[in-house]
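Please keep the sequence and the 3D view open as you read.

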Amino acid sequence: MFRFENPIFLYLLVLIPILALVRLVLMHQRKGKLKRFGDLALLKQLMPDVSKYRPGVKFWLLMTALALLIIMLARPQMGTKISHEKRNGIETMIALDISNSMKAEDVVPSRLDKSKMLIENMVENFTNDKVGLIVFAGDAFIQLPITSDYVSAKMFLQSIDPHLIATQGTNIAEAIRLAMNAFTQQEKIGRAIIVITDGEDHEGGAIEMAKAARKKGMRVFVLGIGSAKGSPIPDGEGGYMVDNTGNEVMSALNEQMCQQVAEAGGGAYIHVDNTNVAQTKLNNELIKLQTGQISSTIYSEYDEQFQAFGILALLLLIIEVCIFESKNPLTKRISIFKKK
């Protein structure tokens, strides 16, 4: 299989026909000037050292070298190698609450945005680990299956928005259930389920589900984000959400529930505020997990081929320099560029 790592450079190949057209125009103009100067047959006799073919050969050698250099810049790659890379690490499923209450701004810039920043920083610290992403509110679904592709994890993270789930609520139990079934079948691997939520409108069953995860060797960590004092929820139009009576809806962190779920899951409860303390605590907890050998996703490896194009371009340039436009007095009798 053949591909280019930087195919945008291939657009520069359009320079070749443009330069060829410019040369054709210039040669036509030169021929016209010579006709005005005198008879072409006579001029040819007066200029015996002028070669008819050498300038063209030199030009096309340069154009070919230029084309090879452009292809070299595009980094041609050929051949695939299927690999099953094995490395030590843990598997982590992150369950992120995206209910409307996560829009509250008692944590800067908001509960949801702070959670995204925390997850991104956590992924930055991963090296030999796998990560997956679940979003939940009144319902839950897998946003990103477990993977070692951290670039994709960050990309999917940025696309998360409360509008992804219409059903409101905080169905932590369903999020944990999905996470339990999302891990690989590898053995002797440390597995963590990280639930990030404000715990509001908890629908029940989370403690039981956390216990079930613990029995399967998975540890459930709960990151409670927000303030226990409560905060209004922005409505996206410059105001705040109100209830049926017209009063502002106040969203408060259900810290007690979060602690109970973490305890049932054999993990730890960590409060997320405007500092980076939660990030440090979480990283320390993940380091404690047992690490085993995990298999990474099968990937394709391409061998670089630009060296060959560079060598050919260099050879053509050397040949071009060695060819004189006029006939060499030492090689006049050699008719390489003459018709027999």
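The sections below cover the model's basis, its aromatic pairs, a helix, a surface patch, salt bridges and some backbone details.

## Reading the model

This is a predicted model, in which local features need pLDDT of at least 70, side-chain atom pairs count only at pLDDT 80 or more, and totals for chains, interfaces and linings use all residues. Residues are numbered from 1 along each chain as its sequence is written, and side-chain values use heavy atoms, with hydrogens and water left out.

Helices (H or I, at least four residues) and strands (E, at least two) are DSSP runs, numbered from the N terminus. For burial, "buried" means under 20% relative accessible area, "exposed" over 50%, and "partly exposed" in between (1.4 Å probe, protein chains only).

## Aromatic pairs

A pair of aromatic rings is described by the distance of the centres and the angle of the planes. Rings of Phe, Tyr and Trp (its six-membered ring) pair if their centres lie within 6.5 Å; planes under 30 degrees apart count as stacked, over 60 as edge-to-face and the rest as tilted. The structure holds 2 aromatic pairs. Phe 59 and Trp 60 form an edge-to-face pair, because their ring centres are 5.1 Å apart and their planes stand at 80°. Phe 59 is buried at 14% relative accessibility, while Trp 60 is partly exposed at 44%.

Phe 126 and Tyr 150 make a tilted pair, since their centres lie 6.2 Å apart and their planes meet at 50°. This pair links distant parts of the chain, 24 residues apart: Phe 126 sits in the loop between helix 4 (111-124) and strand 5 (130-136), and Tyr 150 belongs to helix 5 (residues 150-158). Phe 126 and Tyr 150 are both buried. Helix 5 also holds Ser 152, which is buried with a relative accessible area of 19%. The side chain of Ser 152 makes a polar contact with that of Asp 149 at 2.6 Å. A polar contact is a pair of N or O atoms within 3.5 Å; within protein, one must be able to donate a hydrogen and the other to accept it, and residues adjacent in sequence count only if both atoms are side-chain atoms.

## Helix 3 and what follows it

Helix 3 (residues 54-73) has 20 residues and reaches 29 Å from its first C-alpha to its last, close to the 28 Å expected at 1.5 Å a residue. The expected span is 1.5 Å times one less than the number of residues. Buried residues in helix 3 include Leu 61, Met 63, Leu 68, Ile 70 and Ile 71.

After helix 3 comes Arg 75, in the loop between helix 3 and strand 2 (76-78). Arg 75 is partly exposed at 31% relative accessibility.

## A nonpolar surface patch

A nonpolar surface patch of about 1,000 Å² includes Ile 8, Phe 9, Leu 12, Leu 26 and Leu 73. Its largest share, 5 residues, comes from helix 1 (residues 15-37). Leu 12 sits in the loop between strand 1 (2-4) and helix 1, and is partly exposed at 36%.

Patches are made of residues with over 30% relative accessible area and no salt bridge: like charges are joined within 9 Å, nonpolar side chains (Val, Leu, Ile, Met, Phe, Trp, Tyr) within 5 Å. Accessible areas come from the Shrake-Rupley method with a 1.4 Å probe; for residues, only the protein chains shown count as cover.

## Salt bridges

The structure holds 8 salt bridges, each a side-chain nitrogen of Lys or Arg within 4 Å of a carboxyl oxygen of Asp or Glu. In one of them, Arg 191 meets Glu 91 (3.2 Å, N to O). Arg 191 in strand 7 (residues 190-197) and Glu 91 in strand 4 (residues 86-97) are 100 residues apart. Arg 191 is buried at 12%, and Glu 91 is buried at 0%.

Lys 154 and Glu 124 also form a salt bridge (2.3 Å, N to O), which links helix 5 to helix 4 across 30 residues. Arg 177 pairs with Glu 174 at 2.7 Å; they are 3 residues apart in helix 6 (residues 172-180), so about one helical turn separates them.

## Backbone details

Most residues other than glycine have a negative phi, and most peptide bonds are trans. The peptide bond from Val 108 to Pro 109 is cis, with omega near 0°. Arg 75 has a positive phi near 55°, and Lys 188 has a positive phi of about 55°. Lys 188 lies in the loop between helix 6 and strand 7 and is exposed at 67% relative accessibility.
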